[in-house]
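Please read the following report alongside the sequence and the coordinates. It takes up strands, helix packing and individual residues in turn.

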Amino acid sequence: MNHSVQLNSAREHTRTGMTADSLQRAFLDNLFFIQGRYLDVATPLDQYMALAYTVRDRMLERWVRTAKTYKQAQARTVSYLSAEFLLGPHLANNLTSLGIYQTTHQVMDSLGLDFHEIIDQEVDPGLGNGGLGRLAACFLDSLATLEIPAIGYGIRYEYGIFEQHIDNGWQKEISDNWLRDGNPWELPRPKLKFPVFFGGTTEHYRDASGNWRVRWNPAQVINGVAYDTPILGCGVNNANLLRLWRSVACESFDFDTFNRGDYYGAVRSKVEAENISKVLYPNDEAAGGRELRLKQQFFFVTCSLQDMLRLYLQQSNDLKAFHEKFAVQLNDTHPAIAVPELMRLLLDEHGMGWDDAWEVTTHTFAYTNHTLLPEALETWPVDLLSRILPRHMEIIYEINHRFMDEMRIHFPWDNERIARLSIIDDSRDRGVRMANLATLGSYSVNGVAELHSELVKQVLLPDFHAVWPERFHNVTNGVTPRRFLQMSNPGLNHLMDELAGDGWARNLSNLSRLETHAGDAAFQERWREMKRAAKERLARRIKMRTGESVDPASMFDVQTKRIHEYKRPHLNLLHVIALYNRIKQNPNGEHVPRTFIFAGKAAPGYAMAKLIIKAINSVADMVNRDPQTRDLLRVIFYPDFNIKSAQPIYPAADLSEQISTAGTEASGTGNMKFALNGALTIGTLDGANIEIRKEVGKDNFFLFGLDLHQVERLRQEGYRPRDQLHDNPELQEAFSLIEGGFFSHGDPELFRPLTRNLLERDPFLVLADYRSYAERQNDVALAFADTPHWSRMSILNTARMGKFSSDRAIGEYCEHIWRVAPVSVTLSE
């Protein structure tokens with residue numbers, strides 16, 4: 001079989017060429033020389049690896065050129081510190097960014113290979129879990145696309161949070177060994193490593209010049225080794241750096257101990273060291289898990305700061321200007337220990353005085369807050385921090401001592417305010433408030449949606465805002481249109497190419513060109529065909545993953561996000577049960593066929609969230625088996641939700657469920673991804689929903705529920721959730737079925753903790769919002785039955801979502817917070 005493509009004789013370089021000829025030669029070379037296979041015996045995984053290395057070669061040319069250009073320009077650099085980077089699969093995204101997706105597809109076709117099967121071999125990198133990690137990944141994409149010099153710093157987790165399997169309706173956590181087949185996108189840097197200290201004692205002494213100094217004598221020392229991944233910009237030559245740290249022992253094997261017969265002891269230091277980067281978010285219910293999480297946070301922070309200092313000292317010896325070179329963004333409080341760590345490095349390792357070190361530190365960091373929930377605001381016990389990071393506890397005490405003296409001048413006689421401002425919580429369980437530390441140690445604090453940013457100022461950090469109002473900003477989140485439109489939705493991508501040219505995804509305001517076509521019947525028909533194709537693709541995946549058949553003509557009503565009570569999947573589920581009852585009671589009525597799709601993971605230790613997953617699956621089991629309802633109502637729990645599985649879901653959704661209690665969701669980005677792809681939203685005035693509704697128009701958004709002020713008033717007046725059932729027969733019937741064991745094979749006790757929690761506590765006001773939610777769902781059904789009207793609303797949702805690009809968000813960070821400028825990269829001839 002002749003696999004050559006006959007093109008012109010003036011061939012491009014095999015490693016860097018972008019034509020079909022050079023891509024084919026490179027693919028076959030990599031298949032042979034890296035995978036050790038020839039085409040006829042290569043497995044799909046071999047083919048994927050060969051193609052990945054082919055693409056990586058072209059990325060490396062841009063990456064090396066970018067590094068040289070940034071160094072020559074001595075460019076101010078953004079360092080993005082994040083415990084998570086939920087990247088998603090690389091191959092298709094990188095092909096899209098390089099502009100060779102279709103060419104590569106054609107090359108694979110010419111070789112008789114299944115391009116989509118090759119793409120599907122790649123697993124989701126287990127480097128993140130929720131919205132915080134996905135936002136970090138979107139920001140890396142936009143930083144590179146906007147040509148902003150940037151480095152992402154995090155942890156190279158060996159195992160992701162977990163793979164979710166569903167066993168008899170229950171979530172089961174299976175280890176996510178995402179590196180089992182290797183990772184062709186990363187480059188190990190075994191010589192680029194830094195020491196990491198834990199435990200021990202501190203020693204105070206005077207140096208030769210008579211200055212007081214502190215030496216940390218650690219009980220444990222490990223190393224952090226760098227693993228680098230290039231992050232391509234779209235349509236530009238810039239390729240930024242994602243540098244992740246792997247923990248390793250300084251000495252991985254003790255030969256003397258082994259010879260004494262202590263075989264475990266011989267590798268104990270290796271095991272203890274590697275545990276630190278072993279698993280994303282270890283369960284921290286036990287003391288050991290909590291200690292490990294603290295170690296993880298310090299581990300990646302100190303390696304990253306040491307690396308920045310190394311890079312800085314290559315060009316200047318004046319560390320007093322360090323903050324002029326690096327703008328370091330703290331993605332929530334996970335990296336907040338960076339504040340005392342930079343102080344330690346400047347004070348103890350580089351001999352700087354306290355005032356100069358504090359000046360540099362407080363002009364280096366900016367802090368993004370991502371949550372208002374009390375349980376998500378990190379507070380580390382003083383005794384734990386003192387034991388694991390004794391030098392940092394000393395520095396935190398000193399920072400706090402100086403800060404408290406300053407605040408007593410600002411607020412004399414206001415001891416309660418001063419206690420709230422303190423980094424140290426001196427209540428019964430003494431702790432270090434990481435949000436306070438991050439706020440004090442940063443020159444900027446921002447929320448991630450307009451409402452959230454106001455709540456940060458008014459509720460979370462009002463005392464800090466009173467002192468430094470100029471530090472507080474809003475930057476509403478955004479998502480990358482490259483992955484979540486251009487790549488995930490081929491039909492819409494093709495449509496936008498026609499309307500705006502193939503560069504539309506670098507300027508999302510181009511979506512507005514759709515608006516003039518929203519009322520055109522022929523265009524609406526094309527839009528419905530596009531949506532139908534996406535729903536058929538998802539239906540095939542649902543069949544493959546769950547065994548359930550769903551009707552693409554039904555309304556796809558979708559709620560996909562981390563399973564948490566405040567996101568209220570149980571509100572959605574109560575409505576599903578109510579619809580089931582309606583159909584049973586009036587089978588010949590006019591019912592709009594619906595397929596409810598749930599997806600998301602519950603934290604391993606979160607019993608109520610796991611019970612909600614069980615309830616969803618139990619309801620699905622009954623509803624989907626009932627011959628009287630199954631043609632009108634289907635319920636699907638799509639397991640192991642991640643970026644790879646999400647990409648076909650967003651384009652297929654008709655209705656997006658964004659139903660968190662007002663005042664609980666910081667922003668959300670799933671709401672943006674659904675609306676960008678033409679799904680209509682049913683939602684509360686929470687997070688970025690408010691801004692989405694403002695952009696798409698109130699007539700194209702199904703608003704329900706209490707607003708923030710009504711939520712606060714209800715709680716102040718004394719909320720009695722059981723009262724919500726008194727005049728709501730539909731809700732009573734739903735509870736009757738659940739509590740009577742209808743969905744639990746006659747066991748009335750299985751879901752008792754869930755129903756009791758709702759009826760006695762209802763912390764997130766599910767029952768208070770149910771009536772409003774059900775009424776708006778009736779409006780949804782009527783609108784969906786009016787096909788032209790629904791199509792118009794769907795088109796307008798996409799057309800008016802241009803604001804919600806991560807490119808816009810990064811532009812605002814660059815202008816208002818980081819003060820960085822783009823640096824263009826030119827490839828050599």
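## A hairpin and its turn

Which residue takes a positive phi in the hairpin of β6 and β7? In this predicted model, the residue is G210, whose phi is near 85 degrees, and the hairpin has five residues between its strands. The two strands, β6 (residues 201-206) and β7 (residues 212-217), run antiparallel and are joined by six bridges. One of the facing positions is R206, which stands opposite W212 in β7.

## The nine-stranded sheet

Nine strands make up an open sheet with mixed pairing, and their order is β5-β8-β9-β2-β1-β10-β11-β15-β16. At its edges are β5 (187-198) and β16 (472-474), each of which pairs on one side only. From one strand to the next, the twist averages 25 degrees.

Within this order, strand β1 (residues 77-81) and strand β2 (residues 150-155) run parallel and are joined by four bridges. Here L81 stands opposite Y153 in β2. As background, strands of a sheet pair through backbone hydrogen bonds, and the pairing may be parallel or antiparallel.

## The three-stranded sheet

An open sheet of three strands has the order β12-β14-β13, with antiparallel pairing. Because β12 (379-381) and β13 (424-425) stand at the edges with a single partner strand each, one side of each is left without a neighbour in the sheet. Two bridges connect β13 with the antiparallel strand β14 (residues 431-433), and D425 is placed opposite G431 in β14.

## Two helix pairs

Packed helices are described by the angle between their axes and by the distance between those axes. For helix α10 (residues 287-313) and helix α12 (residues 338-349), the axes come within 10 Å and cross at roughly 45 degrees. The crossing of α10 past α12 is right-handed. On the α10 side the contact involves F298, V301, T302, L305, Q306 and L309, which meet A338, E341, L342, R344, L345 and L346 in α12. Sorted by class, this contact of α10 with α12 comprises eight nonpolar, two polar and two charged residues.

In the second pair, helix α29 (residues 729-739) and helix α30 (residues 752-760) pack with their axes 10 Å apart, at an angle of about 150 degrees. Angles over 145 degrees count as roughly antiparallel, and α29 is therefore roughly antiparallel to α30. The crossing of α29 and α30 is left-handed. F735, I738 and E739 of α29 make the contact with R752, T755, L758 and L759 of α30. The residues in the contact of α29 with α30 comprise four nonpolar, one polar and two charged.

## The buried side of helix α13

Which residues of helix α13 (residues 354-362) are buried? They include W354, A357, V360, T361 and T362. The buried residues of α13 pack against several elements, namely α11 (322-325), α12, β11 (365-368), α15 (390-410), α17 (434-440) and β15 (442-447). Of these partners, α12 also takes part in the contact with α10 described above, while β11 and β15 belong to the order of the nine-stranded sheet.

## Individual buried residues

R594 lies in strand β18 (residues 594-599). Because its relative accessibility is 4%, R594 counts as buried, the limit for that class being under 20%. Leaving out residues up to four places away in sequence, R594 touches S554, M555, D557, H575, L579, L632, L633, R634, L655, Q777, V780 and A781.

N617 belongs to helix α24 (residues 607-625) and is buried, with a relative accessible area of 15%. Beyond its neighbours within four places in sequence, N617 is in contact with I166, G169 and F637.

R568 is not a glycine, although its phi is positive, at about 60 degrees. This residue, R568, is found in the loop between β17 (555-560) and α23 (569-585), and R568 is buried, with a relative accessible area of 0%. R819, likewise not a glycine, has a positive phi of about 55 degrees and lies in the segment after α33 (806-818).

Terms used
Residues numbered from 1 in each chain as written. Predicted model: local features only at pLDDT ≥ 70, side-chain atom pairs only at ≥ 80, totals over all residues. Heavy atoms only, no water. Pairing = 2+ DSSP bridges. Buried < 20%, exposed > 50% of the residue type's maximum accessible area, 1.4 Å probe, protein only. Axes fitted to C-alpha atoms, helices over the stretch in contact; angles between N-to-C directions. Left-handed = near helix turned anticlockwise from the far one by under 90°. Contact = heavy atoms within 4.5 Å. Nonpolar A, V, L, I, M, F, W, Y, C, P; charged D, E, K, R; others polar. Parallel < 35°, antiparallel > 145°, perpendicular 65-115°, else oblique.
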